[in-house]
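Welcome! Take a look at the sequence and the structure below, and then we will walk through them together.

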Amino acid sequence: MSKIIKYVLYDIVRSKIVIAYTLFLLLLSVGLFNLGGSPDKGLLSLLNLVLLTVPLISIVFGTTHFYNSYEFIELLVAQPINRTKILMSEYLGVALSLSAAFLIGVGVPVLLFNASATGLYLVLTGVFITFIFVAMAFLASVITRDKAKGIGIALLLWFYFALIYDGIVLFILYTFGDYPLEYATLVLTALNPIDLGRIVVLLNLDVSALMGYTGALYKSIFGSGWGVMLSFGLLLLWVLLPVLGSRRIFSKRDL
Amino acid sequence: MIKIENLYKSYGKLQVLNNVSVALDVGKVVSIIGPNGAGKTTMSKCILGMVLPDSGDILMNGDSVLNKHAYRSQIGYMPQIGRYPENMKVRQVIEMIRDIRLDVKEVDEELIGLYGLQEMYNKRMGALSGGNKQKVSAALAFLFNPKVLILDEPTAGLDPISAEILKCKILKEKKNGKLIMITSHIMSEIEEVADEVLCLMDGKVKFHETITGLKQQTNEERLSRAIAKIMNEED
């Protein structure tokens, strides 16, 4: 399997997109840390930008990479290699290279400017989000053979998790404002990996004091070490679900 | 060597393979013929595990191959239209496949030499002509000395000299006791290399006969006429 990952990585590095992505993240994080007054402020702005761009780039890059390596996959399936092994190598190749780009582009500046537990949470969240959205990209690509359709599904997924979902949550909160919604919002948060990541980082910053009752409840849950563990556990679940789903579909599909 | 039992496969409403049962033995060249869309390629892809049948079984040396992968070390496949990563050079493709199959000690590089593939080693796969891609496909299919060779329209797109080289190679490997399955539309070519003809029509086996048997049955000298006669008789 490591041999196939090697060739996948080789292919990705040659395309230079990952290098451009690293430089983009590096520029973004260094810029934001130098712009904001305090390092915490820089971290907050970085969090918002990371949670918007990392999912988008992961899902679009993952989908286009899958369709572009279709020939490579076809070549390998005629060899004595397990099909799921081919898919997992492709997945790990993409997820690992994008994570490496994130670690260099965001992890290193965070270490330099704001080496705190919160900074670590931000970096961890970014890596998890990368793995989650590459997994979703693969799920979208194994569902359909049509490249345009696959990228369409991938973009819809990003749109849903990054933008529409928050709208739905706000709508629910306004409509049912008369009821106690603390625990309901907690569940709603767990259903979106981006929100989950955002809250883990936010609650470990001072700004959480501004978030009212729900914020206090969140703080009591996510602020503790146990809560952080729980949310990263949930993020791990968010990685596994689409990965296992795409594995299942890919092993039962005609090529 | 390979036994196909009651194989069914449909793409949506289209029934491509409809209860196909065939037994194929080593030391023979079997030619699979039939009109376009009769299920020839689908059958080869089922043997390779690229297409998963709806029902039925495929046995190799008595063991089912469905949902397995190790058996593919004994199969060399040459696709109808070889598709390769466009950015990779010819050398990289061949080296990659060899790297993945490092366990195979004895490799057969005869076709690489005969086709002069070394001279195009530094060309990108995307820049190769259709015929040159076919040569790479052929070289890769024979590379690991597989027991079974599945060649899907091998000579379509090859120039006459290259086609002749391939035919000689096929006959040579037959003598080495291999099973070679060729799908083809060129009757003269089948007559040259094949021992048996397997005819598929609308996803069913129309007949599976030796070439001499076919000629005797129909009292014809040439294979193409013999086959035409059988087709007309049964209509």
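Which residue in E4(B) does B:Tyr8 stand opposite? B:Tyr8 stands opposite B:Ser55. This is a predicted model, in which local features need pLDDT of at least 70, side-chain atom pairs count only at pLDDT 80 or more, and totals for chains, interfaces and linings use all residues. Residues are numbered from 1 along each chain as its sequence is written, while chains are lettered from A and ligands numbered from 1 in the order in which they are written.

**The sheet**
- Strand E1 (residues 2-11) and strand E4 (residues 55-60) of chain B pair in the antiparallel sense over 5 bridges; strands pair if DSSP finds at least two bridges between them.
- In chain B, 4 strands make an open antiparallel sheet, ordered E2-E1-E4-E5.
- At its edges are strand E2 (14-24) and strand E5 (63-64) of chain B, each pairing on one side only.

**Chain B as a whole**
- Chain B has 8 helices and 10 strands; these are DSSP runs numbered from the N terminus, helices being H or I with at least four residues and strands E with at least two.
- The C-alpha trace of chain B spans about 55 × 40 × 35 Å along its principal axes.

**Where the chains meet**
- In chain B, 18 residues are in contact with 17 residues of chain A (contact means C-beta atoms, placed from the backbone, within 7 Å).
- Helix H2 (residues 90-100) of chain B gives the largest share of the side that touches chain A, with 4 residues.

Key
Two residues are in contact if their C-beta atoms, placed from the backbone, lie within 7 Å.
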